[in-house]
Structures are given as structure tokens and as C-alpha cells.
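Biologist: Could you take a close look at the aromatic rings in this model for me? I'd like to hear how they pair up and what sits over them.

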Amino acid sequence: MSPNTFSDTNPERIFALLPKLTQKNKDLITHACEFAKMAHEGQLRNSGEPYYNHVFATGVNLAILKMDTDTIAAGIMHDVLEDTKVTEEEMTKEFGEHITKLVQGVTKLGKLRYSGMERHVESLRKFFIAMADDIRVVIIKLCDRLHNIQTLQYVKPEKQKRIALETIELHARLADRLGMGRLKAELEDAAFPFVYPEEYKKTVELFNSLNPISEESTEIVVKKLEDELNIFDVHIERIDSRIKHLYSLWQKLKRYKMDSTKIYDVVALRIIVPQIADCYQALGVIHGLYRPVPGRFKDYIAVPKPNGYQSLHTTIFSGDGDTLEIQIRTKEMHQEAEYGIASHLGYKEVGKNVSEQELKKKISWTKDLLEWQKDVEHHKDFLSNLKTDFFQNRVFVFTPKGDVVDLPEGSSAIDFAYSIHSKIGDHISGAKINGKLVPLETTLKNRDVIEIEVKESASPKRKWIDMARTTIAKRKIRQYIKENGGLIDKFLTR
Ligand code: MN
């Protein structure tokens, strides 16, 4: 997203990224720059650069995400309240309440009095609270972290690993969950060598030895595709190529026991088209032109990934035994894949802005999370529950009406029922998957259509606790049993 050095701190750099800024917007950003520069006067980064370079870089990162000017201004001043003599009152007087509140939010996220596991859990908690409050605070923090991790070589070695690990475990995962693919990739790749130096070296070596399809043959494919799509009158915006980022390559290698012959997408072509229909048309043309590798086609448009990612993926034999992954998506899907939630928050002229309500829906899971984390007394539980519910691989299943429900892998019809409503969960009498009656503990698979049969007289059984996967279902079952004569139930099931 951004280079490591920010010797050029002219606000024009930010303006250049946001061509539609008004003069008023520009004045605000310039004002924030001057204010932060003055406040941090005399402070230096570990690298020896002026401290101001760091906060300006944070502002640039936010501008790359096309955030609104209030958020960019707050990003430029994100360390002012914590690290300088400037008070909240002074900032409010100069910049108003909204911007000051954002800076306060970032400041609160920054102050951590814990260490080790406790610190980790506490920072997660804070992130969720901030997220439910104003997601912009979290985005500022992620942009702040990006610059910090990209300049990690200047930090004391004993601190490097902890910061880098936290970046991978926390910040990159949050960026991923918010659909911010680019930010996630940059956070991970910057942190990777500090956390896993050996694995990093190995991955780089493997990457170099993988000998993916050459630039020349890629160009030949691009040319042929362009011509053919043209002949069939399929509209395209552009064709890009992307190289898989190192950390995600390593994750994939691990999944395949370091067998690099299983990796098909080191290089991928991206075809950006205007409309969804063009995606499928383009796919048809491509499969007519090149033989697809069996089993490699994925329709993430019909069934998006848990974080909302949409695209068609296919791998083709491009001749001479080479294979090449091709991703087809609309401009909007691309925007969403790269910037995620940020593309809905940005300044009005860019992209589409969703209503406040839609946005709330998009991040409603943060609220759910907060809701149950209140019940969790022990840090350790909080973390392990979080790891299973929040960051697990998810499966997508459907209600009979076609609504999508996403659940952690390994979920059963019981989890499905409770995720719809606890009243449904509390009265399950049977479950049908794809029209067939199945035992309640049956593991759900992607695309299953689940129908829950309810009966007023039916009620949760103790053994359901083991048949459920999600924390919420387990908790509701326990709660029901506790409230409705758990003792009797205990005797009966013995
Ligand atoms: Mn900072």
C-alpha cells in the first residue's frame, strides 16, 4: 500500500489520491497536517525520522482506502492526544467533536496495560467495542499499524516479534473480516519475516523455484483473451495480473504439506467487467478457448466467501503444460475485494455508498460478538471461543427461502436453528437437509438447504450441547436446561 519512507509529507500527496476533494476538504486536511506537525515538533521515530512522518503516512494509507476527510484528518492527528500536550478541548475547538471523537477512539485502543495473552485478549475486546461504536476508528488503527509494521526494522529486536505476531493474529484478521484484502495482505507480508523467519526464507525459495507461468506466456494469454472476448462482444474493463502474496502462499503450502505442485494460483489474471452477466459470458468464452483444469472452477458470485468476497475463479491449461488461474469480477466486486468495508465508508464521490442501515448489517457480527463476550468471564474462554466462532472457516447454508446463513465449519442443524432464533432452537423436532430428514447432529456442508421442523412440545436435550458447534447454541441449550428443570433432564438422560 505504501512505501516505507515518507520523506515527502506535502498534503498534495493526499490530494492526488482523492481527485474529487473540495477546497474545504483540502483546507481541513492541510489544517490537520499543520496541527499534527506542530504538536509532534521535536519528537523522533526510532528510524530517526520526524514523528510527523508516521502520522502523515497513516493519513496517506487512509487516503489510499478513499476514506472520508474527517477520518483522514483524524488519522493524521491520531497520536496527538496520546503523545503530545494538546488537550481534547483544544482539538475540539479546532476540529469539532466528530474528528476529536475519532482520535479519542484511536487513543483508547492504543492504551494497553496488559501483557502476553491477557494483552491480546484485551486488545481484541477493545477492537470489538470500538468497531461496534465507530468502525472508522478501527480503520485508522489498521492504517497506523500498517506503517508501524512497515518500519518494524527500526524497533528493538525483542519487541519486533511480539508486534509482528499481533499484527498477523489480530490486525490482519480484522482487516480480512472487514473484507479489506489489500490491507490484510500488506500487513501479513510485512509481519511475516519477523514472526516466522525460517518459514519466510523457505517460502521465498519455493516461490522462486515454483517457476510460474512466464510473463511472456501470460501476455500471450491476455492478448488472445482480449481478442476472443472482443469477437464475442463481451465487455471488459481491463485485464490485470496479480502475484500471490507471500504469507498467503505459505498458508496454502502448509495446507498442502509444502507440496508446491498443488499451487495453481501463484500468478492469476483478473478480468474486470462491467456487469455480473459479463462475468459468466467471459467465463464461457475462456472455457471455449482454453481447457479448464477439472475441479478448479469456483463460483464465489453465487456463493460469496464469508467476508463477502465475490468472483468467478477458474484455472486453465494455457499450453505447454502451464496452468493459469483466472478471476472474473465486476468493478464493484473488485473494489469490495480490495477495500472491503472501507469502500462503503469512503468519500461520497467514490464508489457506491450504502445506507447507514446496510452498513450496520454488514458489521452486525461485531454486535453479536460483544453481546456474548459480556457473558464470558474468563479471558481464556473468550479467546478460544473467539477463535472457533469468529475466525474459523465458515460454511454457507440456506434457509428454504434462500436466505444465506453463515456458520463455522462443523456446525449442525442445531447451530443453524439457534442462529435463526433461540425459539426455533428451543423447539426443534426434526431437520431436513436438501429435502431429506437427517439426524440433528449431521454436519452441514456448503450450499445445503436446511429446513427445521418445530414442535411446541419439543425441547433441548443435554446431549445437544455436544452436537452443537457454536458458542451461542451451546449457551442457549444450557440456559434452557437450567431454566426448565435441568435436574429432571439430567436424571432422564442418564
Ligand atoms: Mn501511531
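Modeller: Here's a walk through the ring pairs, then the charges over rings. This is a predicted model, so to speak of a local feature I need pLDDT of at least 70, and side-chain atom pairs count only at pLDDT 80 or more, while totals for chains, interfaces and linings use all residues. Numbering runs from 1 along each chain as its sequence is written, and side-chain values use heavy atoms, with hydrogens and water left out.

Searching the whole structure turns up eight aromatic pairs (rings of Phe, Tyr and Trp, the last by its six-membered ring, with centres within 6.5 Å; planes under 30 degrees apart are stacked, over 60 edge-to-face, the rest tilted). One of them is Tyr52 with Phe56, a tilted pair at 6.0 Å centre to centre and 45° between the planes. Both sit in helix H3, residues 51-64, four residues apart, or about one turn (a helix is a DSSP run of H or I, at least four residues, numbered from the N terminus). Tyr52 and Phe56 are both buried (under 20% relative accessible area with a 1.4 Å probe, protein chains only; exposed is over 50%, partly exposed in between).

Phe192 and Tyr200 go edge-to-face, 5.3 Å centre to centre with 90° between the planes. Phe192 is buried at 0% relative accessible area, whereas Tyr200 is partly exposed at 25%. Ring pairs also tie Phe192 and Tyr200 into a cluster with Tyr196, Tyr247 and Trp250.

As for charges over rings (NZ of Lys or CZ of Arg within 6 Å of the ring centre and within 35 degrees of the ring normal), Arg45 puts its charged end over Tyr51, 5.7 Å from the ring centre. Lys305 lies over the face of Tyr300, 5.0 Å from that ring's centre.

Technical notes:
Helix = DSSP H or I, 4+ residues; strand = E, 2+ residues; numbered from the N terminus.
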